[in-house]
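Here is a short report on one protein. Please look at its sequence and structure before reading on.

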Amino acid sequence: MKNGRCPMCDSSEIYANTDVSFSVNGNDVSLSDDMGREPLVFSFVPYVCMNCGFTSMYVGDMDDITNLPKTKGWKKVT
């Protein structure tokens with residue numbers, strides 16, 4: 001989606017909005033666990049295909065996820 005093509009229908013009619021608000025905390029989504037640890041906070045950018053409606057969200061600032069692999073509970077998907 002970020003490259004301007006829909007992975008579902010191959011359309012190039014992709015739109016994104018960095019200013020849209022879609023959660024209680026604006027664009028920030030807080031990921032927390034039941035252990036009382038400090039939550040991770042990310043800003044996401046939604047992308048929508050105007051042809052098929054497929055929607056995807058990407059982290060807005062990749063620096064926000066630098067420490068994710070070292071954060072307890074996060075495991076690489078294999």
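The report covers the model, its fold, its surface and its salt bridge.

## Basis of the model

The model is predicted: local features need pLDDT of at least 70, side-chain atom pairs count only at pLDDT 80 or more, and totals for chains, interfaces and linings use all residues. Residues are numbered from 1 along each chain as its sequence is written, and side-chain values use heavy atoms, leaving out hydrogens and water.

## Strands and contacts

The protein has four strands and zero helices; from the N terminus, the order is β-β-β-β. Both kinds of element are DSSP runs, with helices (H or I) of at least four residues and strands (E) of at least two, numbered from the N terminus.

Contacts join heavy atoms within 4.5 Å. Among those with a separation of 6 or more, 44% link residues 24 or more positions apart.

## Burial and surface

Of 78 residues, 17% are buried (under 20% relative accessible area; exposed is over 50%, partly exposed in between, with a 1.4 Å probe and protein chains only). The protein exposes about 6000 Å², of which carbon and sulfur atoms supply 52%. Areas come from the Shrake-Rupley method with a 1.4 Å probe.

Val-48 belongs to strand E3, residues 40-49. Val-48 is partly exposed, at 30% relative accessible area.

## Salt bridge

A salt bridge places a side-chain nitrogen of Lys or Arg within 4 Å of a carboxyl oxygen of Asp or Glu. The count is one: Arg-5 and Asp-10 pair at 3.4 Å, N to O. Arg-5 is partly exposed at 36%, and Asp-10 is partly exposed at 48%.
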